Amino acid sequence: MTGPGDSDHIHEEVTMSKDIETTEKRAIEQGEETTWAAQTYEPAVDIYENDSALVLQADVPGVRREDIEIDLDQDVLTISGRVALDDYEGLRPVYSEFNVGNFFRRFTLGETIDQGAITADMAEGVLTVTLPKKEKAQPRKITVT
Amino acid sequence: MSLLRFGADSFDNILRLQRALNRSLDHPFFGLGGTPSGRGVYPPLNIFEENEGDAIVLKTEVPGLTRDSLEVEVVGNRMTVAGVREIVSPEGEFRYHRRERQAGEFRRAFRLPYEVDRDTATASYRDGVLTVRVEKAEAVKPRKVQIS
C-alpha cells in the first residue's frame with residue numbers, strides 16, 4: 001500500500017462489475033457515413049417489435065433533448081445526437097479512458113411505419129423512439145365463425 | 001496540458017476536446033508502472049483539472065440510471081463510484097431485433113495522486129453523464145506567490 005503523495009498517478013483499488021462490461025465506444029470510420037472531421041460514435045441500441053410498433057432505445061450520454069435529430073426517409077431511420085460541450089469549458093484533461101463525440105446511426109426498417117405517429121422521448125441520456133406500424137402492416141385476427 | 005477553450009464552431013470544439021482527451025490517454029497521471037489502469041473496466045472515466053488546478057472533475061458516461069442507484073464517495077484521496085443499471089423488459093408480447101445495451105452493477109474505487117477536500121465534493125447526473133467535482137486539499141492546491 002502506498003500512502004497519499006507516494007505516487008503521482010491514479011491507483012485502482014476496487015473494480016467490480018456484474019453482468020456489465022466495458023465495450024469500447026464504436027467509432028464510425030472517418031468518411032464512411034459522414035464527412036465530419038471529428039470522431040463520431042455509434043450508440044448502443046435495443047430495438048424490439050410488438051404488434052403495434054417498433055421501439056428503439058439508444059444510449060446517447062451527454063446529448064440533450066434539443067440536440068437529438070430523428071429522421072425517417074422512406075424506410076431509412078437516421079438518428080443523430082450532438083454532444084453538449086459547455087461542461088468541458090475551462091477544464092484540462094489529466095486522465096482519460098474514453099473519448100467524447102457526437103452520435104450517429106442509421107437503420108433500414110422492414111416495417112411500414114406511420115410517419116405521423118412517431119414519438120420520441122429522452123431520459124438520462126437514453127433516447128426512446130416509438131415507431132407505430134401502419135394499420136395495414138399489423139397482423140389481423142380473423143375470427144372464424 | 002492546455003485548458004479547453006471553446007469558440008463558436010461546434011465541430012471545431014469537438015475536435016479540440018477529442019484531441020485533448022487523446023493526448024491525456026498516456027499521461028503519467030494514471031498508473032503505468034505495474035498499477036492496473038482502468039482500461040477495460042466499467043464505467044470508463046475521464047478526469048480533468050479545473051482552471052488553476054484547484055479542483056478535479058471526474059466524468060463518466062453511465063446512461064439510463066436513476067440518481068438513487070448512483071453512489072459517490074470521497075475520503076482522503078480515495079474516490080468510489082458505484083451504481084446499478086436496470087433495463088426493464090417491455091410489457092406484453094414482443095421480440096428483440098437488436099440488444100446491445102447492457103445492464104448490471106458496477107463499483108470502481110481508486111486513489112488520486114493527492115488528497116482532496118471531501119467537504120467540497122459535489123456530484124451531478126445529467127443526460128446520462130455523472131460529474132463529480134472536488135477541490136484539492138488546501139495543502140496541495142497550487143498557490144501563486146506574490147513577489148513583494
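## Polar contacts across the interface

A polar contact is a pair of N or O atoms within 3.5 Å, where, within protein, one atom must be able to donate a hydrogen and the other to accept it. By that rule, in this predicted model, 31 residue pairs, both members at pLDDT 80 or more, are in polar contact across the interface of chain B and chain A.

On the side of chain B that touches chain A, the elements giving two or more residues are α1 (10–23), β1 (45–50), β2 (55–61), β4 (78–85), β5 (95–99), β6 (104–111) and β7 (122–126). Of these, α1(B) gives the most, with 10 residues, and the residues of this side of chain B divide into 37 nonpolar, 22 polar and 22 charged.

## Extent of the interface

The size of an interface is often given as the accessible area lost when the parts come together. Between chain B and chain A the buried area is about 7300 Å², with carbon and sulfur atoms giving 53% of it. The residues of chain B that lose the most area to chain A are B:E61, B:R101 and B:R111, which together account for 11% of what that side buries. Counted by contact, 81 residues of chain B meet 69 residues of chain A.

## Salt bridges and strand pairing

Between chain B and chain A the count is 12 salt bridges; one salt bridge joins B:R67 to A:E124, with the closest N and O atoms 3.1 Å apart.

Notes. Residues numbered from 1 in each chain as written. Chains lettered and ligands numbered in written order. Predicted model: local features only at pLDDT ≥ 70, side-chain atom pairs only at ≥ 80, totals over all residues. Heavy atoms only, no water. Contact = heavy atoms within 4.5 Å. Buried area = accessible area lost by both parts, 1.4 Å probe. Salt bridge = Lys/Arg side-chain N within 4 Å of Asp/Glu carboxyl O. Polar contact = N/O pair within 3.5 Å; in protein donor to acceptor, adjacent residues only side chain to side chain. Helix = DSSP H or I, 4+ residues; strand = E, 2+ residues; numbered from the N terminus. Nonpolar A, V, L, I, M, F, W, Y, C, P; charged D, E, K, R; others polar.
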